[in-house]
Amino acid sequence: MRFRPARINAAKTTTACRKMLRALVLPAAFLTTVMLFAPAGRAQDPAAFYAGKSIDLDIGYSVGGGYDIYGRLLARHLGKHIPGNPTIVPKNMEGAASLRLANYLYAAAPRDGTVIGTVARGIAFDPLLNESGAQYDARKFSWLGSANNEVAVCVAMKDAGITSFDELYTKPLTVGANGVADDTYQFPAVVNAVLGTKFKIVTGYPGGNDVSLALERGEVQGRCGWSWSSVITTRPTWVADKKIVVLVQMSLAKHPDLQNVPSIMDEAKTDEQRQIFTLVFSRQIMGRPFLAPPGLPPERLAALRKAFNDTMADKEFLADAAQNKIEINPVPGEQIQALIKQGYETPPEIVKKAIAALR
């Protein structure tokens, strides 16, 4: 008898193999899903993560200025509103008008919610305005909120001999500034370029308090881009004793304290000038911004934003702010995120002209 090999039905064999693979793979996939997601959910619980930990709150300016005062005020109260109640440790990381800190938060800081910071309000728009030192995409930061919707002013010391904004079209005023990325430089620079005023800008001061000291020493005659909240907090006697003249408000809207002081928006003569000023001065809405690196776990970002909002309404926090004459007019993180997105949608021709004005 001749041996005949059995015929194999390829179709039936393939179907059988597929059934066997499904029987093996589906349970394995299910187990993998359970192992991946169940522990991760527990690991990312904010209360469990933050319990026993500390959070660095990095401040992009030197001690004693407005950003430092707001940063340390928040540090005293934020921890009790974060699940797990971590300790908040304020630290100063000054440099390049807080660009150093912004670059660090974007590229090097841990992205786990253990580092947050406060930077200049203009940091969000520096990449759009072609600031060469800005090595980040501001839209990707985890914006937590702002402690104030700011109005900045330009002031002259009384002995400078400038008594009104109109005089700046014909008389020079030497003003102190931190760096080219800071409001103290950019605000007078853009007003010079757009309106033809005569500000002379001296840069190189590491923080706002250093500019104020330079005013006291007579090194400079004035200061622009100075938040009114900082003026009344850090130099209240200058206001009470009329040692300074407030020349103009540099914001989209006037401050209730300064209804008789002209607004820079009123000085704009054309639609183009108003559009440039709107792009540059819209940062005032996020006057004292706090942020974290990009890519935070969503649960921790939500917890930090809620903690920020809760702190802004905390009676002890508000009493502390009032005692130290610190203005609080908070803006939520989501609103800041939307404001930045809107700014980056500005028509390119207006952006180019704003860039030219700032140079």
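Are Cys154 and Cys224 buried or exposed? Cys154 is buried, and Cys224 is buried too. Buried means under 20% relative accessible area, exposed over 50%, and partly exposed in between (1.4 Å probe, protein chains only).

The model shown is predicted: local features need pLDDT of at least 70, side-chain atom pairs count only at pLDDT 80 or more, and totals for chains, interfaces and linings use all residues. Residues are numbered from 1 along each chain as its sequence is written, and side-chain values use heavy atoms, with hydrogens and water left out.

**Figure 1. The whole protein.** The secondary structure comes to 14 helices and eleven strands. Helices (H or I, at least four residues) and strands (E, at least two) are DSSP runs, numbered from the N terminus. Of the 359 residues, 52% are buried. A contact means heavy atoms within 4.5 Å. Among contacts between residues at least 6 apart in sequence, 79% join residues at least 24 apart. The accessible surface is about 16700 Å², and 57% of that surface belongs to carbon and sulfur atoms. Accessible areas come from the Shrake-Rupley method with a 1.4 Å probe; for residues, only the protein chains shown count as cover.

**Figure 2. The disulfide between Cys154 and Cys224.** A search of the whole structure finds one disulfide, defined as a pair of cysteine sulfur atoms within 2.5 Å. The sulfur atoms of Cys154 and Cys224 are 2.1 Å apart. Cys154 sits in strand β5 (residues 152–157) and Cys224 in strand β8 (residues 222–227), so the pair ties together parts 70 residues apart in sequence.

**Figure 3. Helix α12, residues 315–323.** Phe317, Asp320 and Ala321 are buried here. They cover an arc of only 100 degrees around the axis, which puts them on the same side of α12. The arc is that of the directions from the helix axis to the C-beta atoms. Cover for these buried residues includes α3 (66–77) and α11 (298–312). The face turned away from the buried side carries the exposed residues Lys315, Glu316, Ala322 and Gln323. Asp314 caps the N-terminal end of α12, with a side-chain oxygen 2.7 Å from the backbone nitrogen of Glu316. Lys325 follows α12, and its phi is positive, near 55 degrees.

**Figure 4. Helix α13, residues 333–343.** Its buried residues are Gly333, Ile336, Leu339, Ile340 and Gly343. Seen down the axis of α13, they fall within an arc of 115 degrees, so they line one face of the helix. They pack against β4 (142–146), α10 (271–281), α11 and β11 (331–332). Exposed Lys341 and Gln342 lie on the face of α13 turned away from its buried side.

Notes:
Polar contact = N/O pair within 3.5 Å; in protein donor to acceptor, adjacent residues only side chain to side chain.
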